[in-house]
Amino acid sequence: MNEKKDYQKGLLVGIAGGILGTLIVAAICIVVGVNVIVANDGNIPFLQQETTKVLESEENNGENEKEPLLNKEFEAKINKIYNLLDKNFLFEMSDEKLREGMYAGLMSALEDPYSNYYTQEAYQSFNESSEGVYYGIGVSVSQNVKTGVITVVQVFKNAPSYEAGLLRGDIIYAINDTQVTGMDLNQAVTMIRGSEGSTVKLTIVREGENDYLDFDVERRQVERETVSYEMLDGKMGYILVSEFDEITVKQFYEGIAQLSVDGMKGLIIDLRNNPGGRMDVVLNMLDLILPEGLLIYTEDKDGTRGSEYYSDSTSVLNVPLAVLVNEQSASASEIFAGDIQDFGVGTLVGTTTFGKGIVQTVYPLGDNTGIKVTVSKYFTHAGRNIHGTGITPDVEVELNEGLEKLVEIPKEQDNQLQKAIEVLNEQIQKEQ
């Protein structure tokens with residue numbers, strides 16, 4: 001009963017959010033199977049237009065429904081609030097934004113920073129980003145779940161953000177003069193993206209600067225290379241993976257293949273500042289280099305063991321391996337690093353990872369909107385759930401001060417990379 005009150009409170013809060021314009025990009029969530037009953041108070045009810053609109057996910061199909069959340073008492077209160085606003089609110093208000101604010105409020109009441117609502121615009125933006133091609137400025141951002149601060153974690157080389165002078169570690173304070181601290185991250189990302197050739201104004205807080213910095217950055221089509229690779233001295237292969245997107249598997253396979261042809265004696269995979277991405281992608285990549293065995297399994301809210309994913313050992317990496325990680329290596333990056341450590345096929349070098357050991361599923365709602373919901377925990381090969389704790393590397397090395405802001409750290413100055421090279425050289429010498 002208390003849970004239902006929390007949901008209803010979230011919807012009410014969402015109305016105010018819709019008016020203020022702070023929640024209009026969350027996403028749509030109409031409770032499955034609910035028939036909205038119009039409050040009869042003599043006015044045109046705010047919810048009336050929703051009476052016949054019922055959206056169901058394909059997975060649920062309206063089965064196993066609980067008592068309807070939107071009961072008569074709740075609907076009457078919503079309509080009363082709406083009528084008061086309609087009569088007294090000083091500024092213009094949009095019914096559509098109010099409704100979207102309610103949907104966002106519903107998801108916000110879960111108090112889970114990883115579960116949210118996608119408007120049509122945000123849902124399209126999400127799909128574009130997962131495919132690796134979009135109109136934007138070429139940055140990867142993350143959000144502190146406690147403070148709401150949005151920080152640049154990657155600036156893609158030769159992208160508009162790089163050309164404008166943005167740096168890793170910059171805090172995005174405002175987008176087009178709208179403050180974004182505490183705003184849903186997907187909304188902020190949607191605000192950054194736009195039509196090709198247009199510009200977006202970013203107000204940045206940068207360590208060491210006394211005043212805000214403003215950048216007008218052009219939006220262009222960004223075909224992001226999520227994988228880059230090269231052969232370092234001593235036939236040491238190096239692969240940088242910036243995110244796990246749809247295009248990443250192919251790029252990773254190509255990198256492994258080319259470095260193998262070129263005769264690499266050891267391999268370094270760099271997952272530093274990699275915020276994660278698609279689970280199917282990281283599992284396909286692990287299948288390429290790990291022996292046969294369980295990769296991960298999941299558990300749902302009842303503790304029931306769910307999906308299990310395995311490698312098939314048709315291809316196994318046969319050179320010494322090191323994986324670079326840091327505090328911004330999250331989610332899919334931690335699946336990758338955790339399994340490498342659990343299987344004992346590589347050495348983790350760097351600092352303790354972010355600590356996100358939960359899985360989200362995106363459910364389309366039939367009108368080009370959707371919700372993203374945390375549905376399970378994942379456990380690595382050895383049965384570890386690292387949510388809230390992260391993964392401690394085998395060799396702990398803090399990056400030298402001042403290097404963390406650079407878009408591209410010169411490899412000879414990168415002490416974490418140099419440590420990984422040292423570890424692999426020692427292993428190579430032992431095997432000779």
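**Exercise 1.** Which strand gives the most to the lining of the second largest pocket?

*Solution.* Work on the predicted model.
- Start with volume: the second largest pocket holds about 1300 Å³.
- Go to its centre. Of the 50 lining residues, the closest to that point are Gln-154, Val-155, Arg-168, Asn-273 and Val-407.
- List the elements that give two or more residues to the lining: strand 4 (150-155), strand 9 (220-223), strand 10 (227-232), strand 11 (236-241) and helix 10 (415-431).
- Strand 4 gives the most, with five residues.
- Finish with the classes. The lining has 19 charged, 18 nonpolar and 13 polar residues.

**Exercise 2.** Determine in which sense strand 13 and strand 14 pair, and inspect their hairpin.

*Solution.* 
- Locate the strands: strand 13 covers residues 293-299, and strand 14 covers residues 305-311.
- Their pairing is antiparallel, over five bridges.
- Five residues lie between the strands, and Gly-303 has a positive phi near 80°.

**Exercise 3.** Decide whether Ile-268 is buried or exposed, then find what it contacts.

*Solution.* 
- Set aside neighbours within four places in sequence. Ile-268 then contacts Met-236, Gly-237, Tyr-238, Ile-239, Ala-322, Leu-324, Leu-417, Ala-420, Ile-421 and Leu-424.
- Take one of these partners, Leu-424. Ile-268 and Leu-424 are 156 residues apart in sequence, but 8.5 Å apart in space, C-alpha to C-alpha.

How values were computed:
Residues numbered from 1 in each chain as written. Predicted model: local features only at pLDDT ≥ 70, side-chain atom pairs only at ≥ 80, totals over all residues. Heavy atoms only, no water. 1 Å grid on protein atoms, 1.4 Å probe; cavity = no way out; pocket = protein on both sides within 12 Å on 5 of 7 lines; lining within 4 Å. Points joined across faces, edges and corners; volume = space filled by probe spheres on them. Helix = DSSP H or I, 4+ residues; strand = E, 2+ residues; numbered from the N terminus. Nonpolar A, V, L, I, M, F, W, Y, C, P; charged D, E, K, R; others polar. Pairing = 2+ DSSP bridges. Contact = heavy atoms within 4.5 Å.
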